[in-house]
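User: Please take a close look at the salt bridges in this structure and at the contact between the chains. I would like one connected account.

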Amino acid sequence: MFNFHYRLERNAMGLVAAIIVVASIGGLIEIAPLFTIDETVEDAPDMRVYTPLELAGRNIYVREGCYACHSQMIRTLRDEVERYGPYSLAVESKYDHPMLWGSKRTGPDIARLGGKYSNEWHVAHLYNPRDLVPESKMPAYRWLLRNALKIDDLGEHLAAMRAVGVPYTDEMIANATADAYGQANPDSGQASGVTERYGDATNLSLFDGKPGTLTEMDAIVAYLQILGKLTDAAKQAEQARVE
Amino acid sequence: MIAQLTALERTYAAIILVVIMCVGVAMAVVGRGDLFAVHGWIIAAYAMAVMVVLLRDIDAPEPWEEHFREYYDDPTKVGIILSLIWGVIAMAIGVWVASLLAWPDLTFDAAWASFGRLRPVHTSGVIFGFGGNALIATSFHVLQRTTRARLPDQLSPWFVLLGYNLFCVLAATGYLMGMTQSKEYAEPEWYADLWLVVVWVVYFAIYIRTLARRREPHIYVANWYYMAFILVVAILHIVNNLAVPVSIGHAKSYSLFSGVQDAMTQWWYGHNAVAFFLTSGFLGMMYYYLPKRAGRPIYSYRMSIISFWGITFMYMWAGSHHLHYTALPHWVQTLGMVFSLVLLVPSWASAGNALLTLNGAWHKVRDDAVLRFMMLAAIFYGITTFEGSFMAIRAVNSLSHYTDWTVGHVHVGALGWVAMITFGSLYALVPWMWKRPALYSARLVEVHFWLALAGTVVYVFAMWNSGIIQGLMWRTYDPNGTLTYSFLDTLVAMHPYYIARAFGGLLFLTGIVIAFYNIWMTITLPAPVDEGAASDLPVEPPAPRAWAQAGE
């Protein structure tokens with residue numbers, strides 16, 4: 001073996017080829033099958049896609065680096081399930097490009113945050129977390145309320161998401177901007193199209209409390225309120241275990 | 001520095017800079033209304049700044065022929081300085097983000113100053129800015145000395161060094177403006193990723209071309225590690241960053257993979273960025289500078305071989321230990337755990353090889369803080385690889401994951417191993433590069449050594465304590481079978497450790513500032529020329545024409 005190596009280390013291209021081959025094996029065996037084995041991701045017929053407003057909110061979540069302190073992955077451990085809810089299933093992040101499972105909980109896991117607090121609570125908490133939770137370490141995100149939300153290019157965002165495999169329809173892409181406006185202005189004419197395209201269960205609300213205008217706060221709250229609610233698969237799986 | 005380039009190389013450099021400037025302006029035009037345009041302007045300004053330096057000496061006479069009989073070290077010198085500058089900035093931001101966790105209102109209502117945007121500036125700044133520049137600088141030095149051949153031309157090393165720093169600038173400024181892919185340690189957006197691929201191909205070409213010119217039959221072990229670093233980082237970078245941009249004028253892109261496949265790809269990347277950037281590359285550094293400084297040959301050739309191939313093969317399986325108990329299939333988690341455990345063997349083979357090399361030179365370790373930095377790095381390398389294997393055990397991971405223990409573990413590696421071996425190597429390298437008999441002050445190196453060690457110990461103990469306490473509090477039940485502590489209770493318990501951590505970081509930061517001062521004084525103060533430098537020459541230099549051709 002060492003004699004072989006004695007010859008190998010005299011040959012630069014041989015060494016290069018050996019490094020590439022030896023280093024590629026692990027990834028090929030561990031990653032490639034995840035795309036082909038059906039059991040990897042559960043079936044969830046009720047799974048819906050993010051609305052344009054929620055997607056915009058998700059992009060703000062990414063932009064501000066929220067994933068550095070909040071995980072979105074409840075592990076299969078008793079204390080986590082009791083603290084945060086049913087453990088996360090692979091299918092729940094099927095449309096997450098990229099996934100935001102996170103690696104650190106400076107703040108709590110928020111995989112099942114949707115519906116837990118009111119919109120008003122979220123707006124006040126994001127504006128200054130220490131107004132509601134004096135011990136909080138979270139930054140105050142006041143600029144979200146000041147910044148107007150950019151919605152004119154949301155159709156392009158949806159189209160890019162479709163290119164990587166999320167089933168947005170032509171109609172969804174064409175109406176992305178109007179749908180974003182409509183979801184945050186339930187009394188406007190654009191509101192009905194949102195439920196038509198994304199389902200009756202979609203949250204339509206004045207997320208930031210202000211009608212007419214769209215702020216980044218609207219988008220981020222809309223996103224936080226959908227966390228864990230794209231499908232019921234995790235709850236059903238837990239129910240099945242209990243019974 | 002520019003005058004050392006041939007006229008042809010200067011011309012090529014000018015052409016490349018004009019092309020980059022045009023690309024920058026084009027980005028600024030198509031990206032109107034998006035932050036993409038800001039990065040276009042930054043690229044154009046960066047190229048312009050390099051152009052100004054180039055133009056000052058564009059008409060200088062051709063360099064003397066003797067110049068081509070010497071090793072080409074100018075990029076190494078600049079790389080050393082850049083590494084230290086990035087190190088000071090990134091570690092200062094590290095202290096800031098650490099303080100934000102103790103006193104969260106230090107954000108001052110400015111988006112760029114919030115934790116989520118500053119943190120990647122700290123991590124990328126340290127890993128890629130400080131570590132990457134040190135790797136590029138030392139690799140050019142080690143490559144030439146161990147092959148006894150000069151770099152193949154004088155333009156491509158500059159392209160690599162300055163191109164790489166452009167990537168770092170795009171990364172750091174992008175995070176501050178909120179441009180990020182959110183993939184940890186691979187945050188820069190698609191265009192920066194593409195640019196890094198170009199830079200990396202040229203970097204690899206320099207390695208292969210120099211090896212082809214070598215005057216030594218064998219390729220030295222340090223170069224195996226540097227080559228694994230270059231090759232595998234390229235594989236990881238390309239696969240993990242596959243994405244579809246929103247449009248050619250948008251900075252934003254959507255990752256090709258989603259959910260569980262994306263998570264596995266990301267941590268296959270993330271863990272092996274640790275393996276091939278922060279381990280393999282720095283082992284290359286260790287295998288050259290430690291024996292050199294100690295004046296002893298590497299203890300065991302066979303241990304080097306076992307260690308090298310063990311690390312290259314097994315690390316690539318270990319990434320899934322970042323995803324224990326998640327929605328990742330169980331069989332992948334198990335594979336990751338098993339390989340992480342076996343990895344201890346090649347890791348300790350390298351750490352042991354380094355320490356056994358010091359046998360017969362321990363009196364030098366006692367007297368010479370530079371060598372002591374390298375010795376300490378090998379010890380911390382042993383500690384952090386043991387800890388890593390331990391934390392990869394599923395049951396241990398259930399406690400440690402998501403807590404500060406992970407952060408502590410990373411810093412045993414980053415502060416104790418990566419930074420210490422870098423400081424030791426740069427301290428050894430600087431007098432050789434600038435032809436000085438010694439550093440400006442050996443006593444300042446001694447001060448730096450103890451600050452770095454104290455800072456690391458304070459930091460790591462704070463994070464070990466806070467991580468384990470928090471992990472235990474999360475899973476504590478009272479006799480009635482309900483959870484005892486709310487999440488908030490566990491956060492409050494972290495507060496004193498966050499202050500201690502910031503203090504440990506401050507000690508470490510003070511150390512690198514002293515290092516910067518010491519090295520700067522070594523370079524700038526007039527000093528007698530080192531007599532030993534006269535023998536530091538390549539073997540049988542070929543005729544000057546052969547490497548005067550920049551476009552070879």
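Analyst: A salt bridge here is a side-chain nitrogen of Lys or Arg within 4 Å of a carboxyl oxygen of Asp or Glu. The model is a predicted one. In general terms, side chains of opposite charge can pair when their charged atoms come close.

By that rule, A:Asp109 and A:Arg105 form a salt bridge, with 3.4 Å between the closest N and O atoms. Residues under 20% relative accessible area count as buried. A:Asp109 has 7% and is therefore buried; A:Arg105 has 1% and is buried too. Over all chains, a search of the whole structure finds 28 salt bridges.

The interface of chain A and chain B has 4 salt bridges by the rule. One pair that crosses between the chains is A:Arg130 with B:Asp105, whose side chains meet at 3.1 Å, N to O. A:Arg130 sits in helix H6 (residues 129–132) of chain A, while B:Asp105 lies in the loop between helix H3 (74–102) and helix H4 (115–147) of chain B. The relative accessibility of A:Arg130 is 16%, so this residue counts as buried. B:Asp105, in contrast, is partly exposed at a relative accessible area of 48%.

Within chain B, B:Glu184 and B:Arg119 form a salt bridge, and their closest N and O atoms are 3.0 Å apart. This pair links distant parts of the chain, 65 residues apart: B:Glu184 is in the loop between H5 and helix H6 (190–212) of chain B, and B:Arg119 is in helix H4 of chain B. B:Glu184 counts as buried at 5% relative accessibility, and B:Arg119 counts as buried at 16%. Elsewhere, A:Arg63, A:Glu64, A:Glu216 and B:Arg117 are joined into one network by salt bridges that share partners. Within this group, the side chains of A:Glu64 and B:Arg117 meet in a salt bridge at 2.8 Å, N to O.

Turning to the interface as a whole, 34 residue pairs are in polar contact across chain A and chain B, counting pairs with both residues at pLDDT 80 or more. On the chain A side, at least two touching residues each come from helix H1 (2–8), helix H2 (12–36), helix H3 (52–63), helix H4 (78–84), helix H7 (143–146) and helix H8 (154–163). H2(A) gives the largest share of that side, 19 residues. By residue type, the side of chain A that touches chain B divides into 45 nonpolar, 19 polar and 23 charged residues.

In total, 87 residues of chain A and 99 residues of chain B take part in the contact. About 8100 Å² is buried between the two chains, and carbon and sulfur atoms give 66% of that area. The chain A residues that lose the most area to chain B are A:Glu30, A:Arg75 and A:Lys137, together 10% of what that side buries.

Helix H5 (residues 156–177) of chain B has 22 residues and reaches 31 Å from its first C-alpha to its last, close to the 32 Å expected at 1.5 Å a residue. Of those 22 residues, 17 are buried, so H5(B) is largely enclosed by the rest of the structure.

Key. Residues are numbered from 1 along each chain as its sequence is written. Chains are lettered from A and ligands numbered from 1 in the order in which they are written. This is a predicted model: local features need pLDDT of at least 70, side-chain atom pairs count only at pLDDT 80 or more; totals for chains, interfaces and linings use all residues. Side-chain values use heavy atoms; hydrogens and water are left out. Contact means heavy atoms within 4.5 Å. Buried area is the accessible area (1.4 Å probe) that two parts lose on being put together, summed over both. A polar contact is a pair of N or O atoms within 3.5 Å; within protein, one must be able to donate a hydrogen and the other to accept it, and residues adjacent in sequence count only if both atoms are side-chain atoms. Helices (H or I, at least four residues) and strands (E, at least two) are DSSP runs, numbered from the N terminus. Ala, Val, Leu, Ile, Met, Phe, Trp, Tyr, Cys and Pro count as nonpolar, Asp, Glu, Lys and Arg as charged, and the others, Gly among them, as polar. The expected span of a helix is 1.5 Å times one less than its number of residues. Buried means under 20% relative accessible area, exposed over 50%, partly exposed in between (1.4 Å probe, protein chains only).
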